[in-house]
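Dear colleague,

I am passing on the structure below, together with some notes on what I found when going through it. Please read the notes with the coordinates open beside you.

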Number of protein chains: 2
Amino acid sequence: METSVRNKQVILRDYVKGIPKESDLMVVTSSDPVDLKVKPGSEEPLIDAFVPSNPISGIGVSKVIDSDDPAFTKGDLVWATGILGMIDLTAYAGFYEICSPKKGETVFVSAASGAVGQLVGEFAKLMGCYVVGSAGSKQKVDLLLNKLGFDDAFNYKEEPDLDSALKRCFPKGIDIYFENVGGKMLDAVLLNMRTSGRISVCGMISQYHLETRDRLQNLPDIIFKRIKLQGFASYDFMDRFPKFLEFVLPYIKEKKLTYVEDIVEGLDSKTVLLLLLDSSIYGQNVGKQVLKVAQE
Amino acid sequence: METSVRNKQVILRDYVKGIPKESDLMVVTSSDPVDLKVKPGSEEPLIDAFVPSNPISGIGVSKVIDSDDPAFTKGDLVWATGILGMIDLTAYAGFYEICSPKKGETVFVSAASGAVGQLVGEFAKLMGCYVVGSAGSKQKVDLLLNKLGFDDAFNYKEEPDLDSALKRCFPKGIDIYFENVGGKMLDAVLLNMRTSGRISVCGMISQYHLETRDRLQNLPDIIFKRIKLQGFASYDFMDRFPKFLEFVLPYIKEKKLTYVEDIVEGLDSKTVLLLLLDSSIYGQNVGKQVLKVAQE
């Protein structure tokens, strides 16, 4: 039984220029309860934009300690994380709904060892596609090849020329690109896309923090090859959640999907920074970075 | 009755760097007949890529003088030009099929007085959209406002800041952008797109001849606003041609569609250059540039 409420919060001090660092965050603890409202979900993001002097919000597993919403009673566990969370709806919707993959097609995934990328690669393999991933360390590339079943993978930091790396992996070109990074990688991919290719734009993480963004030479390839680029957000596909569960649960039960998590413990500036960097190319994590706030 | 055959051809001397000029072309006349094959149409471009030392090809109205294909007999007129040609299927497919317009939406068309742009604007008005066009001269802007029924228009060459021009014309943002030019205009448009906006990529004419293409700052808006960009070519939509005719013929009969043509006479380097420049922002033509080879 809870005798007191402790709200430990990691606060964003101010807007961040460039890559966030630990000193941009600050931990406060109060004993005031926090009012939470349940969002309808289908029309707006689950996480609001981060605002200076406010706590960093996240998606997780929580225990209800009090509620005036009849849908929730004390002791209930409320969840939205792991392989059945929004990250995975992102991979599912971005790959199946936006890219309309067909058996035998070639698929390239950037930031492929990340939370979304690893699942896209596995979905593509289940579909009978040829899948190549890029990542930023030897350890991540090994994970793609040896644990997640990618057909090929490369460390983009060690490739002197991204175009050559893609031509080596895709001598006949790319049908589907699951875009997480943007910039020079997108430019090299455009040059290697096949006619009627599809690009699901999930992120352009290499570009957000740049004051002057990479110059792309190959945007006209969008016309020359009749390419579709589609930006999307998982919350636009909330209505597909039941279909997603029906699709994914058998694979999980049969252990045909691997999901790699990188778990750190304790809510503080350092661990929250790791969560923030997870969705960047600067993350050192391998797989989805998860923060364990408390053990029950 | 034809007593002799004269094949006047305008030859491309060599690949062109930058903008084509009259000296890149050369006129030859031979009396040998030219073998023509009828293309199936739905799978490949009607016009092949221009190859040095070969004639510049084009789409037009021709008279059959001899044929071993039973589908064509001497004296037949074979056509593929004007408002019922490929240009117009381009406008139709690019607007209706790719942009899925809805009544009341805001539509921006660049190179709006050109062959495709003028029709897209008129289709958008027929649909009940708010339509703004950009063009490169006062005369073209006047045409958009006074003859083609655009709600607003601006001369991009006289706008010190394209972002401001778009914000003035679209205070609530752009739902649909029919892209003909690319580069800085696309960058400004991305900043002004609304959530779930659609960009039909028909051309990026401002970029093709540049060795170093414009740097875009706003590509991440594709994610932030979940924008779709789709490159396309009219020959991908040949199967929609009957549907297109069914749609467009009543409007033509009721004179609800205006189509402005800029006709020049005589097949020579100068007139063919005008045709080539028609599909560029360097064209001085107002409306679709048409070349009259001969009068019957």
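F108(B) has Y177(B) as its bridge partner in β8(B). This belongs to the parallel pairing, over three bridges, of strand β5 (residues 106-109) of chain B with strand β8 (residues 174-179) of chain B, where strands are DSSP runs of E with at least two residues, helices are runs of H or I with at least four, both numbered from the N terminus, and two strands pair if DSSP finds at least two bridges between them.

The model is predicted, so that local features need pLDDT of at least 70 and side-chain atom pairs count only at pLDDT 80 or more, while totals for chains, interfaces and linings use all residues. Residues are numbered from 1 along each chain as its sequence is written, chains are lettered from A and ligands numbered from 1 in the order in which they are written, and side-chain values use heavy atoms, leaving out hydrogens and water.

Both strands belong to an open sheet of twelve strands with mixed pairing, in the order β7(A)-β6(A)-β5(A)-β8(A)-β9(A)-β10(A)-β10(B)-β9(B)-β8(B)-β5(B)-β6(B)-β7(B). At its edges lie β7 (152-155) of chain A and β7 (152-155) of chain B, each pairing on one side only.

Chain B can be laid on chain A by a turn of 180° and a shift of 0.0 Å along the axis, with an RMSD of 0.0 Å (least squares on the C-alpha atoms of residues with pLDDT of at least 70 in both). The two copies are thus related as by a two-fold rotation axis.

Best regards
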